[in-house]
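Student: Could you take me on a close look at one part of this protein, the open spaces and what lines them? I would like to follow it step by step.

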Amino acid sequence: MKFRIGLILALVLFAVGTELTLRAGGSPAATGIENPTCELIAPGVYRIDYQASPGAVPVQVFASSRPDRIDSEKPLLTIQRTPAEVSVPGGSGRVYFHLKPASGTTRVVSIRRLPLDGARNFRDLGGYRSGDGRYVRWGLVYRSNYLVDLTPKDVAYLNGLGIRLVCDVRSEAERARTPDHWDGKGDGNAPEFLSVPIGPNRDGTLTPGELKQRVEALNNESKNSTRGYDKLAVDFAPQFGAILRRLAAGDLPAVEHCSSGKDRTGVFSAILLTALGVPRDTVIQDYLLTTRYLLAPDSIEKTTADLQKIFGLSEPPDAATVQVIMTTKPETLDATFESLDKTYGSFDAYLQNGLKLSNADLAALRQRLLEP
C-alpha cells in the first residue's frame with residue numbers, strides 16, 4: 001500500500017514538474033511560434049506559415065522595411081490559422097514581417113530568395129533556427145550567384161539593402177571575363193568589394209568535351225561514391241576564415257558569391273551556418289535550395305544562359321546537361337563534413353585549426369548573427 005501511494009505521489013510530482021517546465025519554455029511548443037516561413041506568391045502578396053502553440057493564437061502581422069524594428073503601430077492583419085496570405089500595398093523594396101503572438105516571442109520572417117531577375121540564386125541566410133533555439137538574423141548575410149546580369153530594377157532593389165561588403169570568391173580570371181555589374185552606389189555609400197579567390201586560378205571555361213566528361217562523372221556517382229568539397233573546404237580554409245572574420249568584425253550586411261552560387265558558395269554557407277549552431281539537416285536543406293531555385297520553370301532559361309556564359313560555350317547546353325550540373329545532393333555535403341572530421345578530428349577543431357578562428361571571433365560572429 002505504501003509503495004502504491006509513493007508511486008502515485010511520484011507520478012503526480014513528475015506531471016507537475018513537467019507542466020512547470022513547459023510553462024517555463026522547456027519545449028519549443030510553449031514559446032509561441034516557431035520556424036516561420038514566407039514566400040512571395042504574386043507581386044505584393046506573401047504566404048506566411050509557422051508552427052504555433054495553442055496559446056500563441058491569434059498572431060498579429062506587422063510589415064516593416066527593417067528586420068530590427070516595426071515601422072507601424074497597426075498590424076496588417078491578424079492570423080488565426082496558417083498558411084495565411086498577406087498583401088503589402090505599394091513599395092518595391094524588401095519587406096520583413098514581424099509576427100507577434102498572443103503569448104511568446106515576436107518572430108521575424110521574410111522571403112529567402114530575393115526577387116532579382118538577373119541573379120536568381122540571391123538568398124538570405126537568415127531565419128534558420130540554431131540548436132539552442134535562437135534564430136539567424138535576417139538581412140545580414142546573403143549568398144548568391146554572380147552579379148553580372150542585374151537589371152535596373154535589380155540594382156535599385158539591391159541598393160536598398162544597405163550592403164557593406166561583397167565577397168567575390170571567383171578567381172581573378174573569372175572576374176575579368178565576367179565582372180559584376182553593380183557598384184552599390186545608389187545611396188551614396190558603396191560597399192567594399194573584397195576579392196577572396198577560392199578554387200583553381202582558371203577562367204571557368206570548358207570545352208564541349210570537358211563538359212561532357214564532367215557530366216559523365218556526375219552521372220556515374222552513387223550515394224556511396226559521391227565526392228565532397230574536400231579540396232575547397234581544406235585547401236582554402238584560410239580564405240573561408242578570412243571572410244568569417246570580416247563578418248565577426250561587423251562588416252554587415254554582406255553578400256558572398258561565386259559564379260552559380262552552388263559549390264564554393266554552398267561550402268561557405270554550410271561552414272557559416274554550422275558555426276552558428278544550425279543543425280546539419282537544415283544546413284543541407286539550404287544547400288539543396290540551389291537546385292530548387294535554378295531549375296524551377298521560371299528560372300531554367302536564365303540558368304541555361306548563365307551556364308553558357310560561365311563555361312564560355314558557343315551554344316547553350318542541353319536540358320539534360322543543365323539538370324546534371326545544377327543538381328545538388330545531400331551526400332555531397334555529408335562527404336564534406338566527414339572529410340573535415342577525418343582531417344581535423346571535429347568541426348570545432350576545423351574552425352580553430354583550419355579557419356584559424358579564435359574563441360573571440362566565434363563569440364563575436366554568434367553575437368552579431370544570432371538573435372538573443
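Tutor: Happy to! Sorted by class, the residues lining the largest pocket are 15 nonpolar, ten polar and twelve charged. Bear in mind that we are looking at a predicted model. The volume of this pocket is about 1,300 Å³. Of its 37 lining residues, the ones closest to the centre are Arg214, Tyr229, Leu232, Lys262 and Asp263, so try finding those on your screen, because under the classes used here Arg, Lys and Asp count as charged, while Tyr and Leu count as nonpolar.

Now for the helices around the pocket. Four of them, α4 (208-219), α5 (230-235), α9 (300-311) and α10 (319-325), each supply at least two residues of the lining. The one that gives the most is α4, with five residues.

The axes of α6 (residues 237-248) and α13 (residues 359-369) come within 8 Å and cross at roughly 55°, which makes α6 oblique to α13. This crossing is left-handed. On the α6 side the contact is made by Leu244, Arg245, Leu247 and Ala248, and on the α13 side by Asp361, Ala364, Leu365 and Arg368. Those contact residues divide into five nonpolar, no polar and three charged.

The other partner is α7 (residues 264-275), which packs with α6 at an angle of about 55°, the axes being 11 Å apart. These two helices are therefore oblique to each other, and the crossing of α6 and α7 is right-handed. Here α6 brings Phe240, Ile243, Leu244 and Leu247, while α7 brings Arg264, Val267, Phe268, Ile271 and Leu272. By class, the contact of α6 with α7 has eight nonpolar, no polar and one charged residues.

How values were computed. Residues numbered from 1 in each chain as written. Predicted model: local features only at pLDDT ≥ 70, side-chain atom pairs only at ≥ 80, totals over all residues. Heavy atoms only, no water. 1 Å grid on protein atoms, 1.4 Å probe; cavity = no way out; pocket = protein on both sides within 12 Å on 5 of 7 lines; lining within 4 Å. Points joined across faces, edges and corners; volume = space filled by probe spheres on them. Helix = DSSP H or I, 4+ residues; strand = E, 2+ residues; numbered from the N terminus. Axes fitted to C-alpha atoms, helices over the stretch in contact; angles between N-to-C directions. Parallel < 35°, antiparallel > 145°, perpendicular 65-115°, else oblique. Left-handed = near helix turned anticlockwise from the far one by under 90°. Contact = heavy atoms within 4.5 Å.
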